[in-house]
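This report covers a protein model with DNA. Please look over the sequence and structure before reading on.

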2 protein chains.
Amino acid sequence: MEGQKLKQTVKERILDTALDLFQQKGYHGVSVDEIVDVAKTSKGGFYHNFKSKDALLYEIHDIFISHVLAETKIACKTHSNPIDQLCAMLYAFTNVFDVYNRHITVFYDESAYLQPDYKANIKQKRTEYRRLIEGVIEEGKQSGHFRSEISTRITTMAIIGMVNWTYKWYWRNGELSMEQITLYFNDMILRGIVTEQGFNESFAKQYIQSKVV
Amino acid sequence: MEGQKLKQTVKERILDTALDLFQQKGYHGVSVDEIVDVAKTSKGGFYHNFKSKDALLYEIHDIFISHVLAETKIACKTHSNPIDQLCAMLYAFTNVFDVYNRHITVFYDESAYLQPDYKANIKQKRTEYRRLIEGVIEEGKQSGHFRSEISTRITTMAIIGMVNWTYKWYWRNGELSMEQITLYFNDMILRGIVTEQGFNESFAKQYIQSKVV
DNA sequence: ATATACAAACCGACTAGTCGGTCAAAAAGC
DNA sequence: GCTTTTTGACCGACTAGTCGGTTTGTATAT
């Protein structure tokens with residue numbers, strides 16, 4: 001439906017335009033004048049909908065992290081073992097990725113420019129997200145699915161890094177889909193951390209494609 | 001020797017100060033006036049040593065990527081098998097990390113603000129770096145050390161992502177050293193991609209700590 | 001009448017970059 | 001060896017322009 005574009009409110013147009021421009025040129029590479037020009041509105045329209053340019057940046061951050069957090073929690077709750085939970089969380093991120101592509105770039109590259117109180121708010125949600133993954137890793141170590149020698153912290157950051165970094169190189173309409181990429185990531189991550197016991201669980205097979213013996 | 005600090009040239013002081021400030025507040029969060037103020041020099045001193053603020057940003061980028069590239073090439077050349085090469089390359093990055101910590105943050109967060117011709121220059125070197133890793137992965141697949149089913153591209157980006165992301169969470173003087181982190185990374189990555197044959201090679205044992213059977 | 005949703009002109013603060021000038025040290029002339 | 005000349009590193013007041021944000025005005029809906 002192309003009608004969606006015509007129905008957009010001014011606020012939606014501003015957000016949409018800002019996302020495009022921020023992703024291309026960075027937060028400080030785009031002026032409010034340029035945003036309102038491209039979004040076909042005015043300074044008045046902008047400041048009627050947003051308290052400040054900083055507030056717009058914050059909103060972009062918040063929309064993204066809040067959505068990731070919500071989806072990750074659902075993924076975690078709807079599965080009962082660490083292997084399923086971990087893979088479901090990665091898939092949740094994948095699904096977010098295609099739609100929130102622009103948000104992600106802004107989120108990771110421009111967060112230095114957030115005002116202190118905004119930044120604290122975002123940081124809290126990022127920490128919450130990290131702890132969700134740490135929790136699953138820790139659980140997996142205790143249940144014997146993941147090797148007990150691995151460091152929860154390093155493993156978590158390795159996974160987050162691997163997954164998040166895709167925003168730097170992934171292109172929609174490229175040769176690789178996020179679905180494919182996640183398939184490979186799940187395989188590689190699990191091989192890196194599961195125990196023999198974990199590997200032999202029936203639900204692990206769907207993620208680890210083959211085992212060369 | 002603390003005398004090093006007293007011997008710094010104006011240009012070195014500017015670079016040093018800019019790195020500190022850019023890392024903390026981002027490129028556009030710092031004015032030239034602030035840089036020259038902290039670096040105990042002047043506008044004249046600044047523009048005598050740098051063509052523009054953009055040129056300073058470029059120099060920071062170039063110093064970093066050129067060094068990484070050089071070290072990676074050495075790591076690659078001084079080993080003869082893919083497993084040793086890959087791990088040596090990761091260690092090379094590790095060693096760079098402690099010294100070029102500030103460069104890395106600027107490199108990954110502020111590259112959007114590089115002027116087009118500067119950006120093209122940097123992009124070329126990043127591509128060269130990526131191809132070095134892709135080459136090793138590809139070689140490993142052909143030699144039977146790495147599983148042939150893995151995607152060279154995705155695996156390479158997974159590794160780069162995992163490693164690069166450390167700049168977002170690693171703190172010097174923290175509980176974890178870069179040495180330790182790289183040890184875990186090497187272990188996790190190799191487990192994710194080696195074949196049984198590769199695993200049984202004697203030189204693989206030093207990276208893969210243990211195998212739970 | 002009053003509130004809402006925008007438009008357009010406007011403002012002051014700030015910024016990157018310039019430019020005439022200083023000064024110490026090296027090079028040249030004697 | 002001593003003076004003169006030249007060079008280049010560096011200074012800081014200044015400028016032209018840009019930016020985020022404000023204010024005033026206006027059309028519409030209730």
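## Basis

This is a predicted model in which local features need pLDDT of at least 70 and side-chain atom pairs count only at pLDDT 80 or more, while totals for chains, interfaces and linings use all residues; side-chain values use heavy atoms, with hydrogens and water left out. Residues are numbered from 1 along each chain as its sequence is written, and chains are lettered from A and ligands numbered from 1 in the order in which they are written.

## Helices H5 and H8 of chain A

Helix H5 (residues 53–77) of chain A and helix H8 (residues 116–143) of chain A have axes that come within 10 Å and cross at roughly 20°. That makes H5(A) roughly parallel to H8(A) (angles under 35 degrees count as roughly parallel). Axes are lines fitted to C-alpha atoms, for helices over the stretch in contact, and angles run from 0 to 180 degrees between N-to-C directions. Helices are DSSP runs (H or I, at least four residues), numbered from the N terminus.

Contact (heavy atoms within 4.5 Å) involves residues of H5(A) including Tyr58(A), Ile65(A) and Leu69(A), and residues of H8(A) including Ile122(A), Tyr129(A) and Leu132(A). The residues of this contact divide into eleven nonpolar, four polar and six charged. Here Ala, Val, Leu, Ile, Met, Phe, Trp, Tyr, Cys and Pro count as nonpolar, Asp, Glu, Lys and Arg as charged, and the others, Gly among them, as polar.

## DNA strand D

Around DNA strand D there are 15 residues, of which Val32(A), Lys43(A), Lys53(A), Thr41(B) and His48(B) come nearest. A residue is near a strand if one of its heavy atoms lies within 4 Å of it. H4(B) gives the largest share of this surface, five residues.

A polar backbone atom of Gly44(B) is 3.0 Å from a base oxygen of DNA strand D.

## DNA strand C

DNA strand C is surrounded by 13 residues, the closest being Val10(A), Thr41(A), Ser42(A), Lys43(B) and Lys53(B).

A polar backbone atom of Ser42(A) is 2.9 Å from a phosphate oxygen of DNA strand C. Polar side-chain atoms also lie at phosphate oxygens of DNA strand C, with Tyr47(B) at 2.9 Å and Lys53(B) at 2.8 Å.

Methods:
Helices (H or I, at least four residues) and strands (E, at least two) are DSSP runs, numbered from the N terminus. Angles under 35 degrees count as roughly parallel, over 145 as roughly antiparallel, 65 to 115 as roughly perpendicular and the rest as oblique. A polar contact is a pair of N or O atoms within 3.5 Å; within protein, one must be able to donate a hydrogen and the other to accept it, and residues adjacent in sequence count only if both atoms are side-chain atoms.
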